[in-house]
Structure formats: C-alpha cells, structure tokens
Amino acid sequence: MSDPLPLVIANHKANLTYSEFEIWVNKVGPVAKDFEGTVVVCPSSPFLAQALILTQAQSWNLKIGAQDISRFDIGAYTGEVAASQLAGICKYAIVGHSERRKNFNETDEILDQKVQMAKKVNLTPIFCVQDENTKIPEGIEVVAYEPVFSIGTGNPDTPQNARAVSAKIQEKGDYIILYGGSVKGDNVKNFVEKSVIDGVLIGSASLDPQDFIEILQSIY
Ligand code: PGA
C-alpha cells in the first residue's frame with residue numbers, strides 16, 4: 001500500500017440515500033484534500049462510480065472502497081459484484097467484516113477466495129479480524145482489528161487493549177493495522193498511534209459528514 005498514513009476508512013454499510021451521499025461527498029471531499037493521510041469512503045455499491053466521478057472532477061484526495069466483493073469472477077452470479085468490475089473505480093475493498101461473517105455465513109475459505117480475487121486486480125483488501133486469533137489470508141497488507149462488542153455499540157475497546165491486540169497481530173506479519181469499533185471524534189486520538197495503530201475504520205460516526213470531518217480534524 002503506497003498511500004500515506006494514517007488511513008481513515010468510512011464504512012457507510014447499507015445507509016444513506018443517493019442524495020444524502022452526494023451531500024456527504026461534497027462536504028467531506030474538500031476536507032479530505034487537506035488531510036495528511038488517506039481518506040477512503042466505502043459507500044453502498046450503486047454510488048461507487050459517481051463517488052469516483054465527483055472526486056476526480058474536484059481533485060479531492062478521497063479514495064473509493066467497496067464494502068465487499070464477490071468470491072467469484074465475472075459471470076452468471078446474480079446480485080454479485082466482481083472484483084474485476086470494481087477495479088477501475090475502487091482502490092480498496094473491505095473483506096471479512098464481522099457483519100458479513102455473521103449475517104452471510106462467510107467462512108475463512110470464502111474470505112480467502114475474496115482476497116485472491118481482490119489481489120488479482122490490485123484492489124487492496126482491508127481485512128477485518130475480530131481478535132488476534134482470526135486467520136489472516138496470504139498477501140494481506142491492511143488488517144482492521146474490530147472487536148465485535150465494539151461495533152455499533154458505543155462501547156469502544158480500551159486503547160490499551162486495542163494496542164496490545166494490534167501488537168500481537170503485528171507479530172504475524174508486517175501489516176498496516178487499523179482499529180474499528182465505536183470510533184468518534186472525541187476518542188479517535190486515543191487509538192491512532194504511529195507504528196502501532198495506523199488508522200481507523202468508522203461506521204456509525206462516518207454517516208454524518210460533520211461528525212466524520214470532526215474525526216479527520218481530531219486525529220492528530
Ligand atoms: P461502528 O462500526 O463505528 O459503528 O462501531 C465500525 C465497523 O463496523 O467497521
């Protein structure tokens with residue numbers, strides 16, 4: 001991954017209408033331009049191409065990420081979006097989010113296949129793990145530590161524990177490590193620490209553009 005750190009990912013999940021998303025991009029884009037790291041937005045998949053068009057037109061430093069990719073290549077897979085279709089639009093793809101493991105029964109084997117698909121087309125997988133014991137596929141550069149008890153609960157992990165788990169994950173490979181789980185403007189600074197936790201993955205607090213901007217402005 002050659003993008004500068006810290007790496008801040010907004011994961012909108014299945015939220016926001018298109019017009020809400022357009023407002024979001026128009027507000028966050030100019031702030032992302034001055035951010036001395038990398039900002040990635042992962043909107044609902046129908047909005048991906050327009051997100052790229054808007055950011056390129058304005059020369060904003062906003063990268064586009066997919067929330068998921070198919071484990072299959074292009075072909076007869078109704079409802080799926082193949083990595084090779086996303087490659088011209090996205091730079092990143094979230095893989096292995098605990099909501100997908102839980103609600104869509106994604107196994108280690110399925111996640112391995114998704115990672116291989118992403119790597120084939122130079123999409124950088126942001127691979128989510130729930131703890132230091134979660135299996136990490138070959139070829140991963142960016143790992144997001146996201147304890148399940150912290151996701152969407154308003155109950156973040158302690159910075160001490162997040163750092164301890166990140167250090168254990170680092171022992172397995174030279175990863176860029178992100179923390180995710182109830183990150184907000186008033187706690188982001190406690191998590192991001194150079195060479196221990198290199199960025200954050202944000203769900204709920206990324207939906208309101210002003211809240212997200214506050215996170216970007218509070219990170220240093
Ligand atoms: P949250 O979600 O910020 O709402 O806790 C984080 C995530 O799911 O990545």
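This is a predicted model: local features need pLDDT of at least 70, side-chain atom pairs count only at pLDDT 80 or more; totals for chains, interfaces and linings use all residues.
View 1. Residues are numbered from 1 along each chain as its sequence is written, and side-chain values use heavy atoms, with hydrogens and water left out. Because five of the five residues of S2 are buried, this strand is largely enclosed by the rest of the structure. Helices (H or I, at least four residues) and strands (E, at least two) are DSSP runs, numbered from the N terminus. In a regular strand the side chains alternate between the two faces of the sheet.

**View 2. Strand S1 beside strand S2.** Strand S1, made of residues 7-11, is mostly covered, with five of its five residues buried. Leu7, Ile9 and Asn11 point one way from S1, and Val8 and Ala10 point the other way. S1 pairs with strand S2 (residues 38-42) in the parallel sense over five bridges, and two strands are said to pair if DSSP finds at least two bridges between them. Within this pairing, leucine 7 stands opposite threonine 38 in S2, and valine 8 stands opposite valine 39 in S2.

View 3. In the loop between S1 and H1 lies leucine 16, which has a positive phi of about 75 degrees although it is not a glycine. At 23% relative accessibility, leucine 16 counts as partly exposed. Most residues other than glycine have a negative phi, and most peptide bonds are trans.

**View 4. A salt bridge between glutamate 99 and lysine 13.** The side chains of glutamate 99 and lysine 13 meet in a salt bridge, at 2.8 Å from N to O, a salt bridge being a side-chain nitrogen of Lys or Arg within 4 Å of a carboxyl oxygen of Asp or Glu. The pair links distant parts of the chain, 86 residues apart, with glutamate 99 in helix H4 (residues 98-103) and lysine 13 in the loop between S1 and helix H1 (18-34). Glutamate 99 counts as partly exposed, at 29% relative accessibility. By this rule the count of salt bridges comes to 13.

View 5. Aspartate 73 forms a salt bridge with lysine 120, the closest N and O atoms being 3.7 Å apart. Aspartate 73 lies in the loop between strand S3 (62-66) and helix H3 (83-86) and lysine 120 lies in helix H5 (residues 108-120), so the pair ties together parts that are 47 residues apart in sequence. Which of the three classes, buried, partly exposed or exposed, does lysine 120 fall into? At 60% relative accessibility, lysine 120 counts as exposed, and aspartate 73, with a relative accessible area of 32%, is partly exposed. The side chains of lysine 119 and glutamate 141 also meet in a salt bridge, at 3.7 Å from N to O. This pair links distant parts of the chain, 22 residues apart, with lysine 119 in helix H5 and glutamate 141 in the loop between strand S5 (124-129) and strand S6 (142-145).

**View 6. The loop between H4 and H5.** Asparagine 105 lies in the loop between H4 and H5, and its phi is near 50 degrees, a positive value in a residue other than glycine. With 57% relative accessibility, asparagine 105 counts as exposed.

**View 7. Alanine 93 in strand S4.** Alanine 93 lies in strand S4, residues 92-95, and is buried, with a relative accessible area of 0%. The C-alpha atoms of alanine 93 and glutamine 67 are separated by 5.9 Å, although these residues are 26 residues apart along the chain.

Methods:
Buried means under 20% relative accessible area, exposed over 50%, partly exposed in between (1.4 Å probe, protein chains only).
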